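Hi,

Here is the structure I promised to pass on.

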Amino acid sequence: MDEEKHSNNPTRLYAPLSLAYLGDAVYELMIREDLVTKRDLQPRKYHLASVRLANAKTQAKIVTEHPDFFTEEEREIIQRGKNAKPGTLPKSCTRQEYHLATGLECLFGYLYLEKRTERLNELFELCLSMVEPAQKET
């Protein structure tokens, strides 16, 4: 994407952590929808399955193991999110994993605001494919 398009795109003006905040919610909603529509579980088991799908280690793995999946524009959005300075870090992952996960969440938020539903769904399917089959079943 050329510089002129970048500068005329208001979504690019949002702070990376704001996009990540929204992206986290979008990703969580997509996970919940997938679980509810494909499985009949008790609420506690929905939660356990959701936690396995939405974690920084898995999200970081998506970014590092599939760099060619992302367009140049998407890599730039991920990099913006990765470079953001969050206030705290969870104990469940490394600093690098958390920054990569934030970058991926930033991309989810960006694609959502851009109404790029088809690409958002492709990204979500990639995320699902990264989870071990045994982890999906609860």
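Predicted model: local features only at pLDDT ≥ 70, side-chain atom pairs only at ≥ 80, totals over all residues.

Below is what I found, going from the whole chain to single residues.

The protein chain has eight helices and zero strands, so the pattern along the sequence is simply α-α-α-α-α-α-α-α. Of its 138 residues, 41% are buried. The chain exposes about 8300 Å², and carbon and sulfur atoms supply 52% of that. As for how the chain comes together, take the contacts between residues at least 6 apart in sequence: 72% of them join residues at least 24 apart.

Now the inside. The largest nonpolar core has 32 residues, and the ones touching the most other members are Leu-104, Phe-108 and Leu-123. Six helices each supply at least two residues of this core: α2 (16-38), α3 (43-53), α4 (56-65), α5 (72-83), α6 (95-113) and α7 (117-129). Leaving aside residues up to four places away in sequence, Leu-104 touches Gln-59, Ile-62, Val-63, Phe-70, Ile-78, Leu-123 and Cys-127.

Next, the pairing of α2 with α6. Their axes come within 6 Å and cross at roughly 80°, which makes α2 roughly perpendicular to α6. By class, this contact has 13 nonpolar, three polar and two charged residues. On the α2 side, the residues include Leu-19, Val-26, Tyr-27 and Met-30; on the α6 side, Phe-108, Tyr-110 and Leu-113 are among them. Phe-108 also turned up above, as one of the core residues with the most contacts to other members.

Two loop residues are worth a look as well. Thr-11 sits in the loop between α1 (3-7) and α2. Is Thr-11 buried or exposed? With a relative accessible area of 7%, Thr-11 is buried, because the cut-off for that is under 20%. Beyond residues up to four places away in sequence, Thr-11 touches Leu-19, Tyr-110, Leu-113 and Glu-114. Leu-19, Tyr-110 and Leu-113 also take part in the contact of α2 with α6.

The other one is Lys-115, in the loop between α6 and α7. Most residues other than glycine have a negative phi. Lys-115 is not a glycine, yet its phi is positive, at about 60°. Lys-115 counts as exposed, at 69% relative accessibility.

Cheers

Key. Residues numbered from 1 in each chain as written. Heavy atoms only, no water. Core = buried A, V, L, I, M, F, W, Y, C linked by side-chain atoms within 4.5 Å. Buried < 20%, exposed > 50% of the residue type's maximum accessible area, 1.4 Å probe, protein only. Helix = DSSP H or I, 4+ residues; strand = E, 2+ residues; numbered from the N terminus. Contact = heavy atoms within 4.5 Å. Axes fitted to C-alpha atoms, helices over the stretch in contact; angles between N-to-C directions. Parallel < 35°, antiparallel > 145°, perpendicular 65-115°, else oblique. Nonpolar A, V, L, I, M, F, W, Y, C, P; charged D, E, K, R; others polar. Areas by Shrake-Rupley, 256 points an atom, 1.4 Å probe, with all protein chains shown as cover.
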